[in-house]
Amino acid sequence: MSLDQWFFTLGLAVVVSPAVLLAVLGGTSLLGRRVGERSSAHLTEASVLVGLVAAVAILVLMLATGRRYVPIELGNWVAIPEQHFHFHLKFVFDRLSVPFTILSFVLCGTIGAFTNRYLHREPGYNRFFVLYAFFLMGMVVSSLAGTIETLFFGWEFVGLSSALLVAFFHERSNPVRYGQSVWTVYRFADAAFLIAALAMHHVTGAGDFEKLMGAGPWPEGQASISQSHALFVGLLLLVAAAGKSALVPFSGWLPRAMEGPTPSSAIFYGALSVHLGAYLLLRVSPILDASMLLKLAVITVGLVSAIFGALAARVQTDIKSALAFASLTQVGIIVVEIGCGLHYVALVHIIGHACLR
């Protein structure tokens, strides 16, 4: 096979492996034939290993060949010519997406192995792993998305699984109420995301990030839209990122999310999900560079969130809430780094903080 064929095959394996896990666990649950605990554990391990090995192989090939941008095109899945809209499925492997994808597989694999023992003989064991598969699929799609509609697809998977995991212990009132609270905040943030996606289609005629940010591998691209358009789209995406990463004024849902099982609190709200908003800002960082007002807004939101998180963490009465606000402090600092243009510093900070949590 040629080099491009190797990239396509490996890239497809990265995306398909969590999709197969979701299809098997979700499909059997819908049919009323639940997979046993041992089988679920083996399927999860196999899915994570296949995706991780494929992602690492792509990283090795990119380093060996000097390639910094590898797109995987899967064509238009929905096209509405009259409205000038199409849902273009595209995945991109570059210096941002590959490390974040590998991080997602490593941390999800670790917590999957832990949960297999932690929830042993728990009535909701199968339900947890179905939601786990939803989350893993969402993180991989969001990390590799090459278009804003593909990113929104993964974004919704992460949001749905996160809210349902907060309400995992649905026999109690607090988890259900807090799960609804998380879902409400996500709906507000997702509305801003959708408006930004529509504005992006209107301005550039497509949802492709390459159309929006110009040619050149991340983070060297330059926004191809005007300063006013960059400010409008960027502020909407900042609202979306703030909702997903629990930045001020949406910070209230983060300690409530700790009502979920300990594995989900650790990996989703402490390590991966809470960083997804910062990842979005990194992905669209060329837009931030096009508007000084937008950069100041990002820095302000990050700084206020970091200060609020640091102060709130010191007055909590339980360790989970204290850890939640400590995570918020670090995410706020990461957002400040993104606003200051320190893209690689922010990426390393995300990886280090996620592994620590």
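Biologist: Where is the place of arginine 121?
Modeller: Arginine 121 sits in the loop between helix H3 (97–118) and H4. Helices here are DSSP runs of H or I with at least four residues, strands are runs of E with at least two, and both are numbered from the N terminus. Keep in mind that this is a predicted model, where local features need pLDDT of at least 70, side-chain atom pairs count only at pLDDT 80 or more, and totals for chains, interfaces and linings use all residues. Residues are numbered from 1 along each chain as its sequence is written, and side-chain values use heavy atoms, with hydrogens and water left out.

Biologist: What is phi of arginine 121 near?
Modeller: Its phi is near 65°, a positive value in a residue other than glycine. Most residues other than glycine have a negative phi, and most peptide bonds are trans.

Biologist: Does arginine 121 count as buried or exposed?
Modeller: Arginine 121 counts as exposed because its relative accessibility is 69%. The cut-offs are under 20% relative accessible area for buried and over 50% for exposed, with partly exposed in between (1.4 Å probe, protein chains only).

Biologist: And alanine 246, what is its phi near?
Modeller: Alanine 246 has a phi near 60°, again a positive value in a residue other than glycine. Alanine 246 lies in the loop between H8 and H9, and it is buried, with a relative accessible area of 0%.

Biologist: Which residues does a cis peptide bond join?
Modeller: Valine 248 and proline 249, with omega about 15°. Proline 249 is in the loop between H8 and helix H9 (253–256).

Biologist: Switching topic: how many disulfides does the structure hold?
Modeller: The structure holds 0 disulfides. A disulfide would be a pair of cysteine sulfur atoms within 2.5 Å.

Biologist: How many residues does the largest nonpolar core have?
Modeller: It has 115 residues, and those with the most contacts inside it include Val14, Phe93, Tyr132 and Trp253. Such a core is a set of buried Ala, Val, Leu, Ile, Met, Phe, Trp, Tyr and Cys residues joined through side-chain atoms within 4.5 Å.

Biologist: Which helix gives the most to this core?
Modeller: Helix H4 (residues 125–144), which gives 14 residues. H4 is mostly covered, with 18 of its 20 residues buried. In soluble globular proteins, nonpolar side chains tend to be buried together.

Biologist: How far apart are the end C-alpha atoms of H4?
Modeller: They are 29 Å apart, which agrees with the 28 Å that its 20 residues should span at 1.5 Å a residue. The expected span is 1.5 Å times one less than the number of residues.

Biologist: Which residues does tyrosine 132 touch?
Modeller: Not counting residues up to four places away in sequence, tyrosine 132 touches Leu21, Thr44, Val48, Cys108, Gly109, Ile111, Gly112 and Phe268. Contact means heavy atoms within 4.5 Å.

Biologist: At what angle do H5 and H10 pack?
Modeller: Helix H5 (residues 148–166) and helix H10 (residues 262–272) pack at about 145°, with their axes 11 Å apart. The axes are lines fitted to C-alpha atoms, for helices over the stretch in contact, and the angles run from 0 to 180 degrees between N-to-C directions. Ser162, Leu165 and Val166 of H5 make the contact with Ser264, Phe268 and Tyr269 of H10.

Biologist: Where is alanine 230 found?
Modeller: In helix H8 (residues 227–244). Alanine 230 is buried, with a relative accessible area of 0%. It touches Ile225, Ile287, Ala290 and Leu294, not counting residues up to four places away in sequence.

Biologist: Which helix is the place of alanine 297?
Modeller: Alanine 297 is in helix H13. It counts as buried at 19% relative accessibility. Leaving aside neighbours within four places in sequence, alanine 297 is in contact with Leu235 and Leu238.

Biologist: And lysine 295, which residues does it touch?
Modeller: Lysine 295 touches Leu288, Asp289 and Gly339, not counting residues up to four places away in sequence. This lysine 295 lies in helix H13 (residues 292–313), and it is buried, with a relative accessible area of 18%.
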